[in-house]
Amino acid sequence: MPSMSERMIHVTKYIIIGILIFGSPTLAIAQTMNDAAQAFERREYSKALQILSGFAEAGNIEAQYNVGVFYRDGVGTEKDIEKAILWFKKAADQGSADASNNLGLIYLSNTDVAQDLNLARQYFEKAVADGSNEAKTSLAKIYIEALGTPQGYEKAQKLLQEAFEAGDAIAAYNIGYMYLSGKGYQQSYKLASEWFTKAAKEGYVTAQLELGNLYAKGQGVEQSHGEAAKWYREAAEQGLAEAQIRLAEMYRDGTGVPEAPQNARYWYAKAADQGSPVAQYSLGQMYYKGDNVPRDYAFAAKMFQAAAEAGIPDAKSDLGLMYLEGNHFGKDTAKAHTLFQEAANSGYAAAQHNLGYMYQNGIGVDQNNETAVRWYQQSADQGYPASLLNLAILLKDGNGVGQDIPKAVSYLNAAADQDVVQAHFLLGQLYLGGSGVPADPTSAFRHMKRSAELGFPTGQLFLGSYYIDGKGTEKDIGRGIMWVVIASQQGMKEAKPHANKLLNQLAPESRSQIVKYARTCAKQGFKNC
């Protein structure tokens, strides 16, 4: 269902127009009421309120209604919800459906008044009886979410159908919501998409967002990231922060639209300006990393701080890193530890890893491998690759915990599944030597080869020796020398003497050919070498 804040915005827009279309039985009143409308247009709100108040006291229903709006929104006067209720009630008693609807909204969701669902329902019902189509949608919300009974769903269905037939796009959205959630109707993504489409085409922003979500996931419609981007853009251009974030992510990743980091930055900034913590964090990351924007630690810190204050654990963790590394702020390990702790206590895996790293290395805290293992374990249980690796190394070496090679191998395999290069390298060593695990030369070769393909110079050096000695694979001296040369070309000092020694054993023609192959392999990203 649309939020009540959205419903209030819709009502406010209607009221502003209403001030300009007052009608009254006499020419003198019409002219004076028109004076109020003109004062409002000139932004002379206090004067407009003064004129309206006179007619409201005399019993003019439209004046009473609009005076209620002025007090509710604090236009031309201090905000006073009790006076707003007073004037809305006077107008409602004379049959103003809009006044009854606004009273329903106040008792349903206005933060200045204690919620009273019974009163809200009564005023919505009165508004409907007095001819308000808009109130049907709000009343349906109460029937669906407050009552939640079969009878309530049935009443909601009838109200929403009537409201939709009278042209209310929000009602179409709400019917779609009922199909999406399975409240009142059998759950159906297909029917939800059809109703969301009706509302979205009428410009209802929340329906545009939900329709984009369905296209992105392929729920009820054929998956189409292009269509998802189209509807996110429609909602984003109307200022919906969540849609702006989704569109930014699509531009960032090149999903459904051409990859365009500057467009991603633009939409993140739009949402961040509205106070979206998620957008603030994402925008901060772009400037922290210098991701297609000039690196700006000061601005990144500002965004991280705003998002952290809103409780985003990712932002707290990255802000902690800035304190740990001394970027923008002076280096402050105590502050870093505090921020990591807050984020880690929220279950954020990266922060748990960072705490483990601080304790393992004694950074700003007393060195304590047992505490490091505890934090690494919590992070590793969530599949965080760096923690899987570090925990495996501690278990392999018996630091902070009893040595447990099989368990270490299990963690290394989990990290290798995420292509952590050091995990592949260590598995390549462990499986070859059979140290604490059954020897498996084939797996050893496979993992070492993967570490080499990922650009790890030490893995490339070792892979060269595996080919030369036929460890886990057929012996291939030429290919082995090539990998040793590659490690040397990558700047690995230990590889250089080995490479020179091996090359010097070859004929000049073979030597130049292997060097050429090594350079070609590097150019193609170490694949298919």
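This section describes confidence, helix packing, the nonpolar core and aromatic contacts in a predicted model.

The mean pLDDT of the protein chain is 91, and 94% of its residues reach 70 or more. Over residues 1–30, however, the pLDDT is below 50, although this stretch has 62 contacts in the model beyond near neighbours in sequence. Where pLDDT is low, predicted coordinates should not be read in detail.

The largest nonpolar core has 174 residues. Within this core, F88, F124, Y268, L412 and W483 have the most contacts. Helix α10 (residues 169–181) gives the most to the core, with 9 residues. In soluble globular proteins, nonpolar side chains tend to be buried together. When residues up to four places away in sequence are not counted, F124 touches N101, G104, L105, L108, A135, S138, L139 and I142.

W483 is also among the buried residues of helix α27, which covers residues 477–489. The 13 residues of α27 reach 18 Å from the first C-alpha to the last, close to the 18 Å expected at 1.5 Å a residue. Its buried residues are G480, I481, M482, W483, V484, V485, I486, A487 and S488. The elements covering them include α25, α26, α28 (495–504) and α29 (508–523). After α27 comes G491, with a positive phi near 95°.

Helix α18 (residues 313–325) was examined in the same terms. With 13 residues at 1.5 Å a residue, α18 should span 18 Å, and its end C-alpha atoms are 18 Å apart, in agreement with that value. G326 follows α18 and has a positive phi, near 75°.

A search of the whole structure finds 17 aromatic pairs. In one of them, the ring centres of F40 and F70 are 5.9 Å apart and the planes lie at 55°; this angle is not over 60°, so the pair is tilted rather than edge-to-face. The pair links distant parts of the chain, with F40 in helix α2 (residues 27–41) and F70 in helix α4 (residues 61–73), 30 residues apart. Both F40 and F70 are buried.

F425 and F456 form an edge-to-face pair, 5.4 Å centre to centre, with 75° between the planes. This pair also links distant parts of the chain: F425 belongs to helix α24 (residues 421–433), and F456 to the loop between α25 (441–453) and α26 (457–469), 31 residues apart. F425 is buried, with a relative accessible area of 10%. Elsewhere, Y281, Y288, Y297 and F304 form one aromatic cluster.

Lysine side chains also meet aromatic rings. The charged end of K90 sits over the ring of W87, 5.7 Å from its centre. For K198, the charged end sits over the ring of W195, 5.2 Å from the centre of that ring.

S96 lies in the loop between α5 (81–93) and α6 (97–109). With a relative accessible area of 11%, S96 is buried. Not counting residues up to four places away in sequence, S96 touches I61, Y65 and A91.

Conventions. Residues are numbered from 1 along each chain as its sequence is written. This is a predicted model: local features need pLDDT of at least 70, side-chain atom pairs count only at pLDDT 80 or more; totals for chains, interfaces and linings use all residues. Side-chain values use heavy atoms; hydrogens and water are left out. pLDDT is the predictor's confidence in each residue, from 0 to 100. Contact means heavy atoms within 4.5 Å. Helices (H or I, at least four residues) and strands (E, at least two) are DSSP runs, numbered from the N terminus. The expected span of a helix is 1.5 Å times one less than its number of residues. A nonpolar core is a set of buried Ala, Val, Leu, Ile, Met, Phe, Trp, Tyr and Cys residues joined through side-chain atoms within 4.5 Å. Buried means under 20% relative accessible area, exposed over 50%, partly exposed in between (1.4 Å probe, protein chains only). Rings of Phe, Tyr and Trp (its six-membered ring) pair if their centres lie within 6.5 Å; planes under 30 degrees apart count as stacked, over 60 as edge-to-face and the rest as tilted. A charge sits over a ring if NZ of Lys or CZ of Arg is within 6 Å of the ring centre and within 35 degrees of the ring normal.
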